[in-house]
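Thanks for making the time this morning.

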Amino acid sequence: MRGWKPAPHVLLLLPAFVVLAAVVVVPLLLSLYSSFTPFRLTRPDTIYTFIGFRNYQRLFADMEFWAAFGRTVLLLTIALNLEMVLGLFLALLVEKATRGQRLLRTIMMFPMMFSPILVGFQFKFMFNDNIGLVNNALQSLGLTDQAIPWLIDGKLAFTSILIAEVWSSTSVFAIFILAGLMAMPKEPLEAAKVDGCTPLQSFRYVTWPFIMPFAFIAMTIRSLDIARAYDIVKIMTDGGPAKRTEILWTLISRTAYSDARMGLANAMAYVAIFLSILFTVMFFRQLAKARQQIGAEW
Amino acid sequence: MNENQTNRLKQQALKIGHLVGLFIAMAIICLPGLWIVLSSLRPTVEIMAKPPVWIPQSLSFDAYVAMFSGVGQGGIPVLDYFRNSIIISVTSTVIALAIGMAGGYAFARYQFRGKTAIFLGFMLTRTVPGIALSLPLFFVYAKLGIIDTHFGLIIAYVALNVPFTVWLIDGFFRQVPRDLAEAAQIDGCTRWQAFWQVEFPLARSGIASAGIFAFLISWNEFALASQLTRSTNSKTLPVGLLDYTAEFTIDWRGMCALAVVMIIPALTLTFIVQKHLVSGLTSGAVKG
């Protein structure tokens, strides 16, 4: 390379930089700025009024916002943990299968192909209190004679959303953990058996450390996309009934587009972004740790 | 003898338990999808029936026929949405692949300072929730006059997909031994030729699956599309699905049919790539 030419890796990375800067970074800076203004879509010139941290102050004093925040964290924490555990079970079940593994793996991937919006819709359909599959089945089996208001009662609606979320994303974990199980050498397991480990022990001390990095890759991929819950909630309940299932993202979209209060919504958006980054960094760290443990070089 | 028998019994019980568990898990996974397919083929009366009709009496493709014969079925221009979805997804995928190949190659083949930090930075752009990103984009697009155009959505999706395509393609190029390209260069190829004639063909199937992955992300995206599109000019299928929900009534059958139309391309494409997808993501992340 001659001195006046940029290094090849710079040239190669340039397009990615340009696109990400233009579509993500610069707009985000703009939204950071507008979170310090009382910007309303209906009155465009309000974007030039600077009001400091007033939006944030208002936000942090707003109970509704904190309720949505807490609900989002709760939903994600329960969902991610459940997905991890169920994904592990699913992977173990499929790995133990002696026949038809290819078919099972394919079926296992099934929910991944569903767009979150479709997941929301199909569970809205199934949990419909009047004609939904769930209530119909419960009634036909004689387990209950009234219609359970799955999406109308606040607590039940949260549970229904959780079920939809878990259904749609467990397979991500299952697939990666299964990949780990299949890549695992068999000798250590046999050695553990010879040394008299119970199946539980050999799982805990041999299998689990090996598949852990794979589980964290799945976690990382999921954390990059945790906002997909927005699509599901949006279509299933749209934050209702009476804001009982309002999460950060639905609150943001309502504030921005229905109430047209862009400044305030941008302030909320920043809180949501930091939440996502927090989750991602957490899992990246775990991934790095797990990677070191299995001795892979960075 | 007795011990043998109990052991055998125990093993059989385990086997049966395993089969039952497997069956239940698969049933839970498949049921919602199958129910939608079934519902799309049944007449609305049967879907709404109380008490429920479990055994379908009559199946027909009426919902699909109505959907694709122009503006029938409650006035929903599915064909336009379908066309928009295809144009936007395919174009953004092609662009994201080109950018991802350049970036992935740089990560896989060059050593430079701040590599990890740049990689992490790319990933962090992906963590921004679609709805949070839509606020400033909405504003900027309105200023530029590209709201409700294919172009606007395409560049947004390119940015959405670049981090993942870089990650995946990086992983695939890593699996191609470095020596091969070097050997080609010694034999007189330029670096450019070596790339296209040696490294690219070897990583091709992986790159194709990265492309399908990107396509699916664009095909399924909703949060951005729901705010940046307005009319049949650029509305995509996920946004179109909402057209079926009126204030109090929902055309369940039509919605089911549209859902099936949306899922079929996704289904076919995912089956093709399933193997490469996992290996690409893991080799990028585990081996660093």
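Predicted model: local features only at pLDDT ≥ 70, side-chain atom pairs only at ≥ 80, totals over all residues.

Let me begin with B:Tyr157, which, if we leave aside its neighbours within four places in sequence, is in contact with B:Ile88, B:Ser92, B:Ser218 and B:Glu221, where contact means that the C-beta atoms of two residues, placed from the backbone, lie within 7 Å. Residues are numbered from 1 along each chain as its sequence is written, while chains are lettered from A and ligands numbered from 1 in the order in which they are written.

Coming back to B:Tyr157, its place is in helix α7 of chain B; helices here are DSSP runs of H or I with at least four residues, strands are runs of E with at least two, and both are numbered from the N terminus. Is B:Tyr157 buried or exposed? B:Tyr157 is buried, because 27 other C-beta atoms lie within 10 Å, and the cut-offs are 20 or more such atoms for buried, 12 or fewer for exposed, and partly exposed in between, with C-beta atoms placed from the backbone. B:Trp219 is 62 residues away from B:Tyr157 in sequence, yet their C-alpha atoms are 9.7 Å apart in space.

Now to confidence, where pLDDT is the predictor's own confidence in each residue on a scale from 0 to 100. Chain B has a mean pLDDT of 83, with 93% of its residues at 70 or more. Within chain B, the lowest confidence is in helix α3 (residues 62–68), with a mean of 76, and the highest is in helix α4 (residues 78–109), at 91. For the model, ipTM is 0.83 and pTM is 0.86.

Turning to how the two chains meet, the contact takes 70 residues from chain A and 68 residues from chain B. On the side of chain B that touches chain A, helix α12 (residues 252–286) gives the most, with 15 residues. By class, that side of chain B has 53 nonpolar, 13 polar and two charged residues, if we count Ala, Val, Leu, Ile, Met, Phe, Trp, Tyr, Cys and Pro as nonpolar, Asp, Glu, Lys and Arg as charged, and the others, Gly among them, as polar.

Which residues have the most contacts inside the largest nonpolar core? They are A:Phe176, A:Ile177, A:Ile252 and A:Met268, in a core of 162 residues, a core being a set of buried Ala, Val, Leu, Ile, Met, Phe, Trp, Tyr and Cys residues joined through C-beta atoms within 7 Å. Helix α7 (residues 150–175) of chain B gives the most to this core, with 15 residues.

Next, the domains, whose bounds come from an automatic or database domain assignment. In chain B the assignment gives domain 1 (2–60) and domain 2 (65–286), and their centres, taken over C-alpha atoms, are separated by 34 Å. Six residues from domain 1 of chain B and six residues from domain 2 of chain B make up the contact. On the domain 1 side, α1 (2–41) and α2 (44–48) of chain B each supply at least two residues, and α1(B) has the largest share, four residues. In chain A the assignment gives domain 1 (1–26) and domain 2 (64–293), with their C-alpha centres 36 Å apart.

Chain A itself has twelve helices and zero strands, and its C-alpha trace spans about 80 × 75 × 30 Å along its principal axes. Of its 298 residues, 45% count as buried. Among contacts in chain A between residues at least 6 apart in sequence, 67% join residues at least 24 apart.

I will finish with two loop residues. A:Ala260, in the loop between α11 (248–258) and α12 (262–293) of chain A, has a positive phi of about 60° although it is not a glycine, and A:Ala260 is partly exposed, with 13 other C-beta atoms within 10 Å. B:Asp148, in the loop between α6 (130–144) and α7 of chain B, has a phi near 65°, again a positive value in a residue other than glycine, and B:Asp148 counts as partly exposed, with 17 C-beta neighbours inside 10 Å.
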